[in-house]
Amino acid sequence: QALRELWARGGLRALFAGGLPTMVGVFPYVGVNFGMYHYYSLQKRASDSHFVPIKTNRWHLWDVFWWATLGNALHQTLAYPLDTCRRRMQVSPVRMSLREAARDIYAKFGLRGFYRGFLPCQLKIGPAVCTGVLTFESMRSFAQRLGWVPPSQ
């Protein structure tokens, strides 16, 4: 039923409403989130010759959690207005551009409108980041054991 309604509302283009802000927001997300994590692990490697990014030592896991969470929180703070515009474009009964969505939000709610729902989004960062970083490190370790990627320096 949802597909029929979307198709009737705008055809194939309606399925991809909000795609532009999503694509624009992905690049800073990956850059900031993994950039801060990589920076942290380089600093730890420089100061600790026995450093392994993820090991059972709770201190390393806690460090990784905080650095990755900080990176993700920074990205969310910077890119959240794009996400708000994307959601507005997706739920609007009429097709609107990114600019129109931003104008609509500003006209109705002012600057604070771009950050509606920000707190719940920030609260989910910790568990999401832990899952992502642990998955990344586990897969990298697996690929290193298979010889697909060189060992970390």
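I began with the lining of the second largest pocket, which divides into seven nonpolar, four polar and two charged residues. I count Ala, Val, Leu, Ile, Met, Phe, Trp, Tyr, Cys and Pro as nonpolar, Asp, Glu, Lys and Arg as charged, and the others, Gly among them, as polar.

Before going on, I noted that this is a predicted model, where local features need pLDDT of at least 70, side-chain atom pairs count only at pLDDT 80 or more, and totals for chains, interfaces and linings use all residues. Residues are numbered from 1 along each chain as its sequence is written, and side-chain values use heavy atoms, with hydrogens and water left out.

Which element gives the largest share of the lining of the second largest pocket? I found that H4 does, with seven residues.

In H7 I listed Ile-125, Gly-126, Val-129, Val-133, Glu-137 and Ala-143 as buried (under 20% relative accessible area, with a 1.4 Å probe and protein chains only). They cover an arc of only 145 degrees around the axis (taken from the directions to the C-beta atoms), which puts them on the same side of H7. On the other side, Pro-127, Thr-131, Met-139 and Arg-145 are exposed (over 50%).

Cys-130 also sits in H7. Cys-130 is partly exposed (in between those cut-offs), at 26% relative accessible area.

Methods:
Helices (H or I, at least four residues) and strands (E, at least two) are DSSP runs, numbered from the N terminus.
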